[in-house]
Amino acid sequence: MPFFSKFEYYNLISKMDNIKHYVQQNKERFIEELIELLKIPSVSADSAYSQDVINTAEAVKASLEKAGCQLVEICETPGYPIVFGEHIIDATLPTVLVYGHYDVQPPDPMELWTSPPFEPVIKTTEIHPDGAIFARGACDDKGQMYMHVKAFEYMIANNCLPCNVKFMIEGEEEVGSKSLGWFVERNQEKLSCDVILISDTGMISNQQPSITTGLRGLSYVEVEVTGPNRDLHSGLYGGAVANPINVLTKMIASLHDENNHITIPGFYDKVEELSTAERAEMAKRPYSEEAYKNALDIADVYGETGYSTNERNSIRPTLDVNGIWGGYTGEGAKTVIASKAYAKISMRLVPNQDWEEITELFQKHFESIAPKAVKVKVTPHHGGQGYVTPIDSIGYQAANKAYTETFGVPAIPVRSGGSIPIVALFEKELKSKTILMGFGLDSDAIHSPNEHFGIFNYLKGIETIPLFYKYFVELSK
């Protein structure tokens with residue numbers, strides 16, 4: 001690996017120091033560009049938005065070209081396209097692969113938004129006194145993905161890109177990255193890299209950065225319970241025929257015991273049990289239970305007995321109903337026993353739990369607890385493995401040094417309750433570790449109405465990311 005001369009190295013470092021000035025100088029443009037991207041409703045889960053998803057891919061391609069990528073292309077897949085870009089300055093230098101996604105969650109329920117989800121507005125909040133952009137995708141993941149485009153723009157414009165960079169921005173993350181595995185398996189040489197950099201997670205606060213070192217896996221299923229062959233009059237048939245909605249709710253209720261322990265046989269067989277020492281380290285994370293409850297407007301927390309709130313939502317597996325429906329839900333009354341009832345259920349998994357095995361265990365158990373009066377169908381949707389990255393890796397150390405420089409304090413390693421299934425796929429196929437440099441906050445309402453991303457967080461991300469490149473090259477020598 002070539003070494004920079006002292007003159008070249010210190011010149012590069014000097015240019016890196018100019019990033020704060022560059023961000024302030026271009027602040028309004030950076031914000032306006034992101035707002036324009038957020039106006040496109042790239043909802044991958046709803047085919048009504050399919051052209052908008054394609055349009056967003058084109059917009060991402062244009063932004064990478066404008067930022068200075070040598071090559072940018074829209075790569076077709078069995079689903080929505082992947083935007084690939086690269087800038088190779090020296091094949092013997094390290095290569096950073098940036099992953100992000102340009103699709104967003106559906107905006108529903110629309111009535112709970114204080115402003116239209118695809119008409120971005122800037123509002124000040126207690127947590128974001130400098131303002132936050134309110135729009136679907138602001139934090140997850142358009143805002144965080146776009147930080148990397150602008151950080152790259154800075155390094156190109158100031159001739160201080162210290163290594164090679166590749167971008168892989170997909171359009172199906174919010175529906176399980178259905179085509180990403182297909183693409184990665186067929187393009188391993190194209191995507192070859194030394195480290196993968198992702199900003200699709202969060203940090204503890206605007207005063208205390210953190211680096212996500214663990215992600216939970218995911219199994220997502222849909223269940224259907226069928227009773228009579230048609231909807232029935234509840235007066236004529238009530239009490240004599242199984243009501244699928246009643247049955248479904250009882251079945252779902254039985255999936256947890258009195259200690260909120262999941263009752264599926266074999267579910268916990270491979271669950272990673274952290275040591276007392278590791279749990280003690282996790283407990284050092286700044287946290288206020290009262291502030292947590294106040295932020296959510298709840299009287300108390302709720303979960304598996306024997307574990308703290310931060311443990312429940314990060315190192316323990318969960319099972320949650322994400323949606324349930326059936327029968328009559330319109331205005332007024334209709335006395336009916338529905339023929340069918342449905343639910344969507346997700347299980348967040350911890351390392352060592354295989355999502356396909358858990359899906360199979362769920363299906364067998366759910367079918368076994370159904371009374372003979374109904375028929376049950378379980379349809380798996382998508383899933384992925386959990387992931388843990390070591391804190392002694394060069395990538396982690398580079399990220400920590402970058403955060404320390406821009407925030408003034410070292411980052412804290414944390415395990416996240418969320419899932420990014422493709423991270424495990426990347427390690428398997430590309431043999432590279434992933435570094436999760438998130439700049440969002442738990443309060444940013446991702447996947448919920450009024451999603452937002454702080455202006456401070458957006459600009460601080462642009463300021464911090466070039467330093468990751470600098471330190472990764474420095475530590476790789």
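Analyst: Happy to! One term to begin with: two strands pair if DSSP finds at least two bridges between them. This is a predicted model, where local features need pLDDT of at least 70, side-chain atom pairs count only at pLDDT 80 or more, and totals for chains, interfaces and linings use all residues. Residues are numbered from 1 along each chain as its sequence is written, and side-chain values use heavy atoms, with hydrogens and water left out.

User: What percentage of the residues count as buried?
Analyst: Of the 477 residues, 55% are buried. Buried means under 20% relative accessible area, exposed over 50%, and partly exposed in between (1.4 Å probe, protein chains only).

User: Let's zoom in. Which strands does β8 join?
Analyst: Strand β8 (residues 210–215) runs parallel to β16 (residues 412–415), with four bridges joining them. Here Ile-211 has Pro-413 of β16 as its bridge partner. β8 also runs antiparallel to β15 (residues 387–388), with two bridges, and there Leu-215 is partnered with Tyr-387.

User: Is β8 mostly covered or exposed?
Analyst: Mostly covered: six of its six residues are buried.

User: New topic: why is β2 described as largely enclosed?
Analyst: Strand β2 (residues 82–87) has six of its six residues buried, so the rest of the structure largely encloses it.

User: Which residues sit on each side of β2?
Analyst: Ile-82, Phe-84 and Glu-86 are on one side, and Val-83, Gly-85 and His-87 are on the other. In a regular strand the side chains alternate between the two faces of the sheet.

User: What are the partners of β2?
Analyst: β1 (residues 71–75) runs antiparallel to β2, joined by five bridges, and Cys-75 is the bridge partner of Ile-82. These two strands form a hairpin with six residues between them. β2 is also antiparallel to β6 (residues 164–170), again with five bridges, and His-87 has Val-165 of β6 as its bridge partner.
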